[in-house]
Structure formats: structure tokens, C-alpha cells
There are 2 protein chains.
Amino acid sequence: MKLMKVTEPEAVIEIIVKNFSSLDYEEVKLESAGSRFLAEMITAPEDVPGFDRSTVDGYAVAARDTFGASESIPALLENVGEVLMGQIAPPIKFGQCCLVHTGGMLPEGADSVLMVEDVDVSGNTVQAFRQVAPGENVIHRGEDIKKGDPVFKKGHKLRAPEVGLLASLGITSIKVYRKPCIGFFSSGDELIDYHSKEVGPGQIRDSNAPALMHLASQFGADIIYGGILPDRFEDFLGKSKKMLEDTDLLVFSGGSSVGSRDFTAKTMQELGSPGLLVEGISIQPGKPTLLANCGGKPVLGLPGHPVSALNIFAIFGKVIIDQLSGRAKADYMPTVKAVLTRNVASKTGRTDYVRVKLDNGTDVPRAVPIFGRSGMLRTLAEADGLLIIPSASEGLNAGEPVEVFIWD
Amino acid sequence: MKLMKVTEPEAVIEIIVKNFSSLDYEEVKLESAGSRFLAEMITAPEDVPGFDRSTVDGYAVAARDTFGASESIPALLENVGEVLMGQIAPPIKFGQCCLVHTGGMLPEGADSVLMVEDVDVSGNTVQAFRQVAPGENVIHRGEDIKKGDPVFKKGHKLRAPEVGLLASLGITSIKVYRKPCIGFFSSGDELIDYHSKEVGPGQIRDSNAPALMHLASQFGADIIYGGILPDRFEDFLGKSKKMLEDTDLLVFSGGSSVGSRDFTAKTMQELGSPGLLVEGISIQPGKPTLLANCGGKPVLGLPGHPVSALNIFAIFGKVIIDQLSGRAKADYMPTVKAVLTRNVASKTGRTDYVRVKLDNGTDVPRAVPIFGRSGMLRTLAEADGLLIIPSASEGLNAGEPVEVFIWD
């Protein structure tokens, strides 16, 4: 029997990054730009804030008019009015002050704000019980962002703070990379549509399709579901070719038997060159994974076992989607550190992903391994995430610190 | 001046859980049930898998027919054919075996599967070079889930594995709690629509609205944006009343000055009883937060500073949305453990949220504090998350382990 040539997980990621590049961009409104990736560098078209603002409720003053003021010897100031929100502030002169609200504009002649707690007001006389330094309780024009400053790089993810910052700059139409569209097929003669009420002997419902499609949409992709492909090569190839034309990434799920896998591999070779890149990954669960470059488009063949399929798609499917979406490499992969509750064995030369349930423990989170075969979806539904046992390790002992990828 | 009565963050969460309950439920298709929360308990209508399946490519046998087999003394078996995927397997008799693919149905008479690696085939004779135990390489009917077993509780989140498990059971229509609909208003005379190209003196664009709306949709809520409310009480109250009728939760953003806050508080008292529950939270940034129960519906008044508003909404807004969405209390809050790179001071009696940038460090992730005032959105856009300094702490030292909430 032909042995499966396996590739290290890190090498698979390098292959993805080398073979595939970001899609073209589109211009979207700010309201729908959230969670997308910038296809342009953003520079500030203006200062933020656009004027010197008070950060407290108080009295705008020239700091020098308060120098030496204390509880026992207050400084006396003349209150000349109130800065109305959203309006230009009237200037103040020597010895004067002006009521200003949080966020209000500093009047000309003022350089700081006395907090309301630090004054006594009687008529238009304000007693200041402490001195302020120039700039105190003020955020200066351009202090957040200066006009012309680079704000975000290409590939930066637009989270809520980024959306707010773009809005504050008046940028309401943004170039982002196009969302990848994934063509999705299931295969395997034992599969029937998951809407089927009755299941015949030897048949199972295609449960991978809806699970993988939910994951793909969480990763920011659009989906076209092509249904269950029959195990006839001409049909299989014809439908795959058509789907690949309409999409950016093709995913095959199912076909866990060797024969079915060979079938998918043969299809990948016919779909476009250079063809097959990865014939297997040294990872457990998920080893029998196929990856091809068919005329510049990625084609992924997932293992048939539900847990393996979800595991592989959550890791490598996400890397492919990020790559097509133009996402810049993050400094940090958000995993959770926890302490293992029992020994877990592992083969060296293979990265193991162990399903774990997390709890808060007493001091640090605890990772409780869930055992079960990769065909058992329930073990994944019970898990909060996947614990990674690196390739070089022979296993982990109870009490060891571990890193957990969170399922959400 | 009237002092602000502040509530501990933990107490605010208790108040939310006590005052508000889950919305009614709706029946949705499996395809759109992902990321929703179950409004019913799910029990298994059938066994999963529905038949004994092979977990490998190999030969289905009765284990006793292989007992004693080894490399030197193989057992001889008669191959009677192949189990076709998705079809009922023909029975085997004493001394017989049958080719079966991964996922295929075990024939009657077989209780285990010999892997293809462990046999030699010549014509219809199969030599087995090792013995198998009963049940080896087989997943039994009902081994994943037994008919009648409870599968998921009320309030359970439907992630990808859950969606797959429901599909495998043929459950394609599910009762989930209704998504909360949030009515959203900005207020403050200094605010102008964030689409405005020109900004007058003293004016700023309403950047909170789009940032908060993106966050709310990430948390699974629908949004109705009511625009910027004028600072005239009758208008403010009238529009708020109308919006509260059409939505499940009302959020006011802006109005960072004391006057504007009083205005929002007064509106909350008029909107319905029991009215105001929280007048401030002992948290930094975000202290001047208001929370009310207006006729059973939550009304949240966010601080005006962008960083404070996002911080409070990410924590307490999310708790409110989870509560209305019927989410069961999770065993675990996914935070990231990191090591602090420099000293950070904190007042006791107040929970501090410090913006941090994370990097992978050499061994453990490092949390690098980003300093800046709460008005500066850029500091939040640069941050990967928020580090929590508990109320009892006087600050943290460089090198200390910290817990970070991730922004995504």
C-alpha cells in the first residue's frame, strides 16, 4: 500500500502563504466595514481632536492666574460665562474664567481647566482652591492623531475601535479586501442530505456541511453549497470545475475511505496546475487532509470524520481565508493558558490536538481532556477548545501548563 | 456637589441578572441557528451512529476467527465481497470476511475490522497477520449518542460542533431565544453626524455610534439607530419612549458632561419603573455609567468618552445582551494570561481596565500597557485587549502575571 506523504503543520501554513494571495478590493461603507481587512493605508485627513477640549466639568482658565492658589489662599477669578457645547468659545482675558463642560472647547486665552470640585462659585466670582498646570485637564488639538499621520496599515482588521477612529476622522467609505466565497461540496455514497427524516441502513446524514458552513461564515467568508457529489468521476469533476470558476476556494468534505480520498486527489490534479501541494498533515485528528493549488485557487480536501474535518478547517481553513482576505500577520495568536488535569500521551513527530473542557479552577484555568474517537461529534460539542501537543513532545503530564485554542 | 454613588462591577452584573430575563423564543432553521442560544432542551431522537461502523479501511471479521494470528502464523479468511457505502452489508459466516471502507456498515456476523495494513490479499483469500479484539476499529450504534439521551441544555450556545451534532440527529428546526434588538441614541450638542465632511469649531463627529453598533452586532444583537438626540428634554423623552416600545434594550451614548448625564438620568426615571438602578460603576475608564430598568426593559447610559463607552459596552452591554439572549452562564470566561512588561499604578476600591498590546514574548505572552487618556480612541485601536486590575489591588509590577480580555 502507498504510504501517505505527510507535511508538518508549520510547513502547510508556509505553503498556503506562498501559494495564495489576497483577493481584489472593494469600497464599502463604514457601517459594513467591521471585521474586514484594510486594502489601503489610512492617513489622517485632519487633527483629532480638532480643537483643545476639556476632559472634565470645570472652569477654563489661564494656569498662571491660579499659581499659588490653595485652600487657605484661594485665587479669585471673574466668571464671564459658559462655553456652549458644539459652539465656538468666547475668549477670556487676564483674571477671567469660563464654565466649560466635559468635551467642550477651550476658549482663547485659556490653557487649562479647574475642576468644579476645586472651586466655590458666588455670582460671577469663582474662588480657586488649588493651582493648575498649563495643559491640565485638557486634551490638545491633534493629541490623539495629527493630520497626515499614518493611522492603519494595509491588512489591519477593522474592529470596533478602528471603526470609531475612522468615523472620528470622517472616513465613511473604505477600501477593504473582498470576502472570499467558498464553494462547498460533500462527498461519499453513505451520505444523505441532513434534512432527511429517515436514514437507511449504512447511511448517515451529511452533518459536516452545516457545521463547516457556520465556521466559514464566522471566519468572514461567503458560502455556496453545492450539495453531495455522487462518486462518479465525470460528474464529480464537472461540478467541481464549474464551482471553482464561481468561487475563490473549493472545499471537499467527506470521503473518509482511502478510495474516496484518491478520488478527491485525482479531481484536484485535473482542476488546474500545479495541483496537489499537501497529501497529508502530521496532525491528529485530521491527518488525511489534501490541499491543492488549482490555477491559483486553493482547493481543500477535508477528512470525513466530523471532528477531524472541523479541526482542520478551524486551523488551516482559517489560514486560507485570512490569506485570501488580505489579513496582516498578527503579532499574537489568542490562545488560553491552562493547567492540564491529567496525563495525555502523544506520538513524537505528530502534532496532537486534544479536545478539552475549560473551567476556572481555583487560581488558573484547568484544561480537562475529553477522550473519544474522532468520529464522535459529541466530544467536540462538549469541548471549549483544543489543546496543542507539539510534534516534539511525547505527551503531557497532569499539572503541566498548556495552550488552548478556543472554539466559539 | 452631589457625589456619584458608585456600584462594584460584580454587583452590577448581579443587578443585570436579577432584573432582566431572556426574551421569548423563535423557531429557526439549522442554517441560521449558529451562534444562537437554545430555548429548549434537546434530547436525541435516534442513536448516533445509527449502525455499527468501521473507523478504518479494512476487512470486517468475527474477532474470534483471528485469535492467535501473527506474522508467522497468519489466519486465513475467505473474502466474500465488499460493503458498499450507504448500503446494507451482506452477512458473513464463520471463517469469512468482507472488505469495508472507513465509515462503512459492519456486516451481520462481524464484530471488528482488520486494517488493510495487517493483511495480504490474494484472490478471495485474506491472510490476517495479527489478531483483533471484539469491537476493534468499530464505532458502535449509539456510541456517540443514545436515543433519548439529553444532548444540550436550554441556554447552550450553538457553535459549529453543536450545529453538526443537530444535523447528524436530523434536527433542522430549532427553538432559540429571540435576538435582542437595541435602540441606539447619541446625545450631546457638540456631536454631529459622522458622515459630515466639515466639522465646525467645538464640534466632533459622533464616532461612538458606528463603533458601538459594530460591537453590538458582534454580540448577536440587531440595531435600530435613532441618531443624535437634541438636548431638549421633551424631544429627548418622546423619542426615547417611542424607541423603547420598539426595542428590547435602549442605549444612550454621549453626554459626558455632568449636565448631560443628569439629563439622561432624568429621562431614565421617566421612561418606566423602577427606573435607575446604577448611577456609576467603580471602574476606570467608564465610571459615569447609568443603568435603569424601565418597565422590565434595560436602559444603559454610556459615558461619552469613546474608550470608556466601548469598555463599558464590551463588558456590561455584553452581559445584558447575553441575559436577554438566554445564554447559560459559562463555566469559563475566555481571557488570556500574560506577563506585564512595566509597572501600572491603580487606586484600591476601583477596578481598572488598562489597554494593552499583546505579543508572544519568548515563553509566555507579554502585555505591554498603552497609556493615554480615555478620550483617545487611538490607544484602543492600538490595543489587543484590556488588562484587569482588581479593586483590591494598589497596582501591578512589571513581571506579574495578568489576565487580558481580548478585543476582536
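Select P285(B), and you land in the loop of chain B that runs between β19 (283–284) and β20 (290–294). Keep in mind along the way that this is a predicted model.

Stop 1: Is the bond from Q284(B) to P285(B) cis or trans? The peptide bond here is cis, and its omega is near 0°. As background for this stop, most peptide bonds are trans.

**Stop 2: over to chain A.** Select Q284(A) and P285(A) together: a cis peptide bond joins them, with omega about 0°. To place P285(A), look at the loop that links β19 (283–284) and β20 (290–294) in chain A.

**Stop 3: N137(A).** Stay in chain A and go to the loop between β9 (125–128) and β10 (138–139), where you will find N137(A). If you display its backbone torsions, look at phi: for N137(A) it is near 60°, a positive value in a residue other than glycine. Most residues other than glycine have a negative phi. Is N137(A) buried or exposed? N137(A) counts as buried because it has 21 C-beta neighbours inside 10 Å.

**Stop 4: S35(B).** Return to chain B and select S35(B), in the loop between β1 (25–29) and β2 (42–43).

Methods: Residues numbered from 1 in each chain as written. Chains lettered and ligands numbered in written order. Predicted model: local features only at pLDDT ≥ 70, side-chain atom pairs only at ≥ 80, totals over all residues. Helix = DSSP H or I, 4+ residues; strand = E, 2+ residues; numbered from the N terminus. Buried ≥ 20, exposed ≤ 12 C-beta atoms within 10 Å, placed from the backbone.
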